[in-house]
Amino acid sequence: RKKRKKKPPKTLEDAPNPHAATVDGKYWAQRFHYFSLFDCGVRLDPESWYSVTPEKIALAIAGRCRPSDVVLDACCGCGGNA
């Protein structure tokens with residue numbers, strides 16, 4: 001019998017998790033929920049995967065600020081909120 005070659009992922013959402021040792025699969029599956037442009041070079045360390053704020057929530061929070069407001073990211077996380 002011939003071995004079948006593995007088919008490449010159809011979309012980026014189906015791509016295998018290259019960080020499986022440090023990032024749980026449920027976080028990897030939601031990477032485009034966290035950042036809509038994840039495939040454009042977003043890099044996260046293992047801790048950031050567990051603490052990032054999804055992009056839609058961060059946009060809703062930003063929508064409540066006035067243009068003259070100053071935003072300070074005191075925790076200096078991976079940039080989801082600021």
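**Reading the values in a predicted model**

Student: Why is Cys65 called partly exposed?

Tutor: Its relative accessible area is 36%. Buried means under 20% and exposed means over 50%, with partly exposed in between (1.4 Å probe, protein chains only). The 36% of Cys65 falls in between, so Cys65 is partly exposed.

Student: And what kind of model is this?

Tutor: This is a predicted model, in which local features need pLDDT of at least 70 and side-chain atom pairs count only at pLDDT 80 or more, while totals for chains, interfaces and linings use all residues. Residues are numbered from 1 along each chain as its sequence is written, and side-chain values use heavy atoms, leaving out hydrogens and water.

Student: What makes Cys40 exposed?

Tutor: Cys40 has a relative accessible area of 62%. That is over 50%, so Cys40 is exposed.

Student: How many disulfides are there, and by what rule?

Tutor: A disulfide here is a pair of cysteine sulfur atoms within 2.5 Å. By this rule the count is zero.

Student: How confident is the predictor in the protein chain?

Tutor: The mean pLDDT is 78, and 78% of the residues score at least 70. pLDDT is the predictor's confidence in each residue, from 0 to 100. Helix H1 has the highest confidence, at 87. Confidence is lowest in helix H4 (residues 55-63), at a mean of 83.

Student: What secondary structure does the protein chain have?

Tutor: Four helices and zero strands. Helices (H or I, at least four residues) and strands (E, at least two) are DSSP runs, numbered from the N terminus. Along the sequence the pattern is α-α-α-α.

Student: Why does Trp49 count as buried?

Tutor: Trp49 has 3% relative accessibility. That is under 20%, so Trp49 counts as buried. Trp49 sits in helix H3 (residues 46-51).

Student: What does Trp49 touch, beyond residues up to four places away in sequence?

Tutor: Val23, Tyr27, Trp28, Arg31, Phe38 and Leu44. Contact means heavy atoms within 4.5 Å. Asp24 lies 25 residues from Trp49 along the chain, and their C-alpha atoms are 8.8 Å apart.

Student: What makes the Phe32 and Phe38 pair edge-to-face?

Tutor: The structure holds five aromatic pairs. For Phe32 and Phe38, the ring centres are 6.0 Å apart and the planes stand at 75 degrees. Rings of Phe, Tyr and Trp (its six-membered ring) pair if their centres lie within 6.5 Å; planes under 30 degrees apart count as stacked, over 60 as edge-to-face and the rest as tilted. The 75 degrees is over 60, so the pair is edge-to-face.

Student: Why is the Phe38 and Trp49 pair called tilted?

Tutor: Their ring centres lie 5.8 Å apart, and their planes are at 55 degrees.

Student: Why is Phe38 called buried?

Tutor: The relative accessible area of Phe38 is 12%. That is under 20%, so Phe38 is buried. Trp28, Phe32, Phe38 and Trp49 form one aromatic cluster.

Student: How do you know that the side chain of Asn17 makes polar contacts?

Tutor: A polar contact is a pair of N or O atoms within 3.5 Å; within protein, one must be able to donate a hydrogen and the other to accept it, and residues adjacent in sequence count only if both atoms are side-chain atoms. A polar atom of the Asn17 side chain lies 2.8 Å from the backbone nitrogen of His19. The Asn17 side chain also reaches the backbone oxygen of Val23 at 3.1 Å. Asn17 itself lies in the segment before helix H1 (25-29).

Student: What makes Ser36 partly exposed?

Tutor: Ser36 has 43% relative accessibility. Ser36 is in the loop between H2 and H3.
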